[in-house]
Amino acid sequence: MRFPHLKIGQGFIYQGKRYFKTGPMTASEEESGESCMIRRSAEVMTLENSEEVKPPLPKSFSQDQVVELMEAYKDELKACLQATMKQQAKVSPSDLLACVDRVPLNEFLTRLK
């Protein structure tokens, strides 16, 4: 199977190491958590039951990755808030705070591009 056919978070083996796909061209090594680029043409072997396992969080992020993740998180929160305001005539502070709970931060930490 080629790398682009994997889903985000899906586990695979590439060059003898186990990885989880974290973006269109990136993956996180299972053992070290290090992020790396994987060619689109790379042949990979999927891991059984890997979609049930969450990829490990990287141990560190570059400044650009932090900015990218925070922007994505902010956009997701805005979309949730806008949807809540469209559905309800009156929106309470607790409704707005519930949006924060519905947008999982851990999901964003595994979305490195």
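**Salt bridges and a buried lysine**

1. Glutamate 43 and arginine 2 form a salt bridge, with their closest N and O atoms 3.2 Å apart. Glutamate 43 sits in the loop between β4 (35–37) and β5 (45–46) and arginine 2 in the segment before β1 (11–14), so the pair ties together parts that are 41 residues apart in sequence. A salt bridge here is a side-chain nitrogen of Lys or Arg within 4 Å of a carboxyl oxygen of Asp or Glu, and the count by this rule is 3.

2. A word on the source: this is a predicted model, where local features need pLDDT of at least 70 and side-chain atom pairs count only at pLDDT 80 or more, while totals for chains, interfaces and linings use all residues. Residues are numbered from 1 along each chain as its sequence is written, and side-chain values use heavy atoms, leaving out hydrogens and water.

3. Next, arginine 18 and glutamate 30 meet through their side chains in a salt bridge (2.6 Å, N to O). This pair links distant parts of the chain, with arginine 18 in strand β2 and glutamate 30 in the loop between β3 (26–29) and β4, 12 residues apart. Strands are DSSP runs of E, at least two residues, and helices runs of H or I, at least four, numbered from the N terminus.

4. Lysine 74 also forms a salt bridge with glutamate 71 (closest N and O atoms 3.2 Å apart). The two are 3 residues apart in helix α1 (residues 63–87), so about one helical turn separates them.

5. Do look at lysine 21, in strand β2 (residues 17–21). Lysine 21 is buried, at 5% relative accessible area (buried means under 20%, exposed over 50%, partly exposed in between, with a 1.4 Å probe and protein chains only).
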